[in-house]
Amino acid sequence: MSNEVWVVADLKIDGSVRQVTFEALSEARKKIAGKLGGELCGVLIGSGVSGHAAELGKYGAGKVYVVDNELLKNFNTEGYTIALSELIKKYSPAVVIAGNTVFGQDYFPAVAARVGAGVTMDAIEIDLTDDKKLRIKRFSHSSKAIPTQVFLDHHPMMTTVRPNSFKAAEDPKTPEVVDGAVTINPGDIKSKVIEIKTKGSDRPELTEAERVVSGGRGLGSEENFKYIYQLADMLGAAAGATRAAVDAGYCPYDMQVGQTGKAVSPSLYIAIAISGSVQHFAGMGSSKVIVAINKDPEAPIFQKCDYGIVGDLFDVLPPFTEKVRALVSQS
Amino acid sequence: MKILVIISQTQDTEAKIKVSAAGNSIDTEGMKWIMNPYDEFAVEEAIQTKEKHGGEVVVVSMGPARVVETIRQALAMGADSALHILDEGSPDMDSFAMGKIIAGEIRKLGGFDIVFTGMKIIDEESGQVGVQIAEELGIPHVSLVSKVIEINPTANKAVCQKEIDGGHMVVEVPLPCLITCPDAMNDPRYASLPGIMKAKKKPLTEVKVSDINLDGLTRVKTVEIKVPQIERRLRIIKGQDGPMVKGAEVEKAAEELIKLLREEAKVI
Ligand SMILES: Cc1cc2nc3c(=O)[nH]c(=O)nc-3n(C[C@H](O)[C@H](O)[C@H](O)COP(=O)(O)OP(=O)(O)OC[C@H]3O[C@@H](n4cnc5c(N)ncnc54)[C@H](O)[C@@H]3O)c2cc1C
Ligand SMILES: Cc1cc2nc3c(=O)[nH]c(=O)nc-3n(C[C@H](O)[C@H](O)[C@H](O)COP(=O)(O)OP(=O)(O)OC[C@H]3O[C@@H](n4cnc5c(N)ncnc54)[C@H](O)[C@@H]3O)c2cc1C
């Protein structure tokens, strides 16, 4: 058993490293590696990924394990599960961390089951107890509760962490690169990705954004969502939506914020024509400042926001967006 | 086809959350219990699969005696039989232990073709039990499936769509496999009155967790639960004659909001 603390890099479809990886490295260095007396390490799983080792080093990884395999070109459950499980069995780290992304949620619990480890999901705080057990905090009960969970005497201790929960802070190292040398056979990959369709966007990603502008059912059409996009772009914000808006086909599924959709915690969340359901709040209720624009004074969102305007969005948004534009062009 | 659906009971979404005196669990006194909402979609998908391909739907659920009510609901929706893993609140059982136990009982049930389960339970919300069960059973899984495109027992495969950042991916997986279900993938049916009557007579088998060795299974312990208290400013700008801002008030309201965001909240 080693004392190493591992952060598995989360890669986007375009192959770049997700911000949550740098956040996790920074927080693990600050709260875990020192206290445990173990080295902070990065893990890269994919095809042609070793070039990212330097980026992980920039955020404090002294060592980077690489599993580079053609079969890992696109994320696939079995490939990732085999790669990480085999690495864990071989090097026996103390702590293993990954981002709570769509992919993290998919393979991390499988790896934990395979290596017999405990795993917690979507941590918003991580540290160590005095007897060096991983301790995490997370949201539960539709984000109405925050449990603290502590690992018992098992090795390794695994957790995913919520994007945008920690600050990424540089601590440049030149990492030693270790070839993980895990064998993966084509027959091991049972679930095959037969199609990937993605569309690039110039807007920031929801889970990484400092500001979010979201629209609900009250927008009434896909066409009207331009009001959301305009304001979002003016503020350099990500654009989000409720399930009702996604279901109605006003915007794509990956804009959904909430219990099923993305969890966001920006410093500014502007909710337009959104009633404020428990499920929507489960995904954005911890935002620092919440603004609501809604025509119904009885909408539940007015009981749990910081600022609000009771009014028709089609009256209020154009002048509001115009004033934001004026402000932006001033500064 | 033999179709399994793993479901759980949970507290009503609207429930007010109170921490128990011990400080590390939720006080459930007087709470309303419901089927975990995500599991409703799993049950619906299981029943639709049966309607298309024939076969039977077996419900599996673990929990205290009260979960029988939720099991009956799934049977009333159209499932055929059920396995109840009875556990009267084993202290400190975590998701890992739960996944092991449920998988162990499923293995005893023998051959099945496909397993459905919710993406997560809305109380603990860790979203790991389904994937763990698949791993324990040694079958592939597809998580967070937004649409089951095809289940083809003859070709022994399922094709599922899954949403990812900026788009979607389509995954083809051999049977048997496990699928975790978010909401909105289908439209769960209500239990009909005849369905409810029939459900009472459908076979329900019970096994006890006390007959299962739990030693050393648990990996993680909840030591404390806090209810987050976020004070909101609640500064709502309203109209003069009627709740909505109108006419000239609109400009002023927009102006005031900008000022508050700049000077008070300092976020723009
Ligand atoms: C298991 C489960 C999971 C769920 N997960 C999610 C999730 O992840 N995310 C999510 O968002 N929801 C989720 N939901 C759905 C949730 O319960 C609500 O149905 C949804 O959030 C409502 O969206 P909405 O506020 O846009 O629509 P509504 O509740 O219909 O509200 C629309 C609002 O728009 C206002 N409005 C209408 N026209 C105007 C106008 N012209 N100007 C100003 N205001 C106007 C109305 O006053 C109203 O308040 C989930 C539900 C379940 C059961
Ligand atoms: C107050 C309270 C008391 C409870 N008491 C008991 C108890 O006495 N005994 C007990 O066994 N459980 C009990 N539970 C349930 C238990 O807390 C959760 O099922 C368990 O913690 C799993 O949480 P998770 O976040 O890991 O589930 P997730 O990983 O989020 O769940 C994912 C999916 O796994 C399936 N799943 C989860 N739990 C179960 C289950 N129990 N049976 C079948 N399928 C399941 C569901 O389909 C769910 O959609 C209780 C829950 C609460 C809130």
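**Notes on the predicted model**

1. In chain B, 70% of the contacts between residues at least 6 apart in sequence join residues at least 24 apart. This should be read with the caveat that the model is predicted. The secondary structure of chain B amounts to 6 helices and 14 strands, and its C-alpha trace spans about 70 × 45 × 40 Å along the principal axes. Of the 268 residues in chain B, 55% are buried.

2. Turning to the interface between the chains, 81 residues of chain B and 89 residues of chain A take part in the contact. Together chain B and chain A bury about 7,500 Å², of which 59% lies on carbon and sulfur atoms. Three residues, D165(B), R219(B) and R232(B), account for 10% of the area that chain B buries against chain A, which is more than any other three residues supply.

3. As for the polar side of this interface, 9 salt bridges are found between chain B and chain A, and 50 residue pairs are in polar contact, both residues being at pLDDT 80 or more. A salt bridge joins E135(B) to R114(A), with 2.5 Å between the closest N and O atoms.

4. Which elements of chain B give two or more residues to the side that touches chain A? They are the helices α4 (129–137) and α6 (248–264), together with the strands β9 (157–164), β10 (167–174), β13 (220–226) and β14 (235–237) of chain B. The most is given by α6(B), with 11 residues. Sorted by class, the side of chain B that touches chain A holds 41 nonpolar, 15 polar and 25 charged residues.

5. One residue of chain A deserves a separate look, namely K323(A), which lies in helix α8 (residues 313–330) of chain A. Is K323(A) buried or exposed? K323(A) counts as buried because its relative accessible area is 19%, and the cut-off for that class is under 20%. Apart from its neighbours within four places in sequence, K323(A) is in contact with E251(B), A254(B), E255(B) and I258(B). With one of these, E255(B), the side chain of K323(A) makes a polar contact, side chain to side chain, at 3.3 Å.

6. Within chain A, the division is into domain 1 (5–188) and domain 2 (206–330), and the centres of domain 1 and domain 2 of chain A, taken over C-alpha atoms, are separated by 32 Å. The contact draws 10 residues from domain 1 of chain A and 10 residues from domain 2 of chain A. Between them, domain 1 and domain 2 of chain A bury about 840 Å², with 44% of this area on carbon and sulfur atoms.

7. On the side of domain 1 of chain A, the residues that lose the most area to domain 2 of chain A are S142(A), R162(A) and N164(A), which together make up 53% of what that side buries. Across the interface of the two domains of chain A there are 0 salt bridges, whereas 3 residue pairs are in polar contact, both residues being at pLDDT 80 or more. By class, the side of domain 1 of chain A that touches domain 2 of chain A comprises 2 nonpolar, 4 polar and 4 charged residues.

Methods. Residues numbered from 1 in each chain as written. Chains lettered and ligands numbered in written order. Heavy atoms only, no water. Domains from an automatic or database assignment. Contact = heavy atoms within 4.5 Å. Buried area = accessible area lost by both parts, 1.4 Å probe. Salt bridge = Lys/Arg side-chain N within 4 Å of Asp/Glu carboxyl O. Polar contact = N/O pair within 3.5 Å; in protein donor to acceptor, adjacent residues only side chain to side chain. Nonpolar A, V, L, I, M, F, W, Y, C, P; charged D, E, K, R; others polar. Helix = DSSP H or I, 4+ residues; strand = E, 2+ residues; numbered from the N terminus. Buried < 20%, exposed > 50% of the residue type's maximum accessible area, 1.4 Å probe, protein only.
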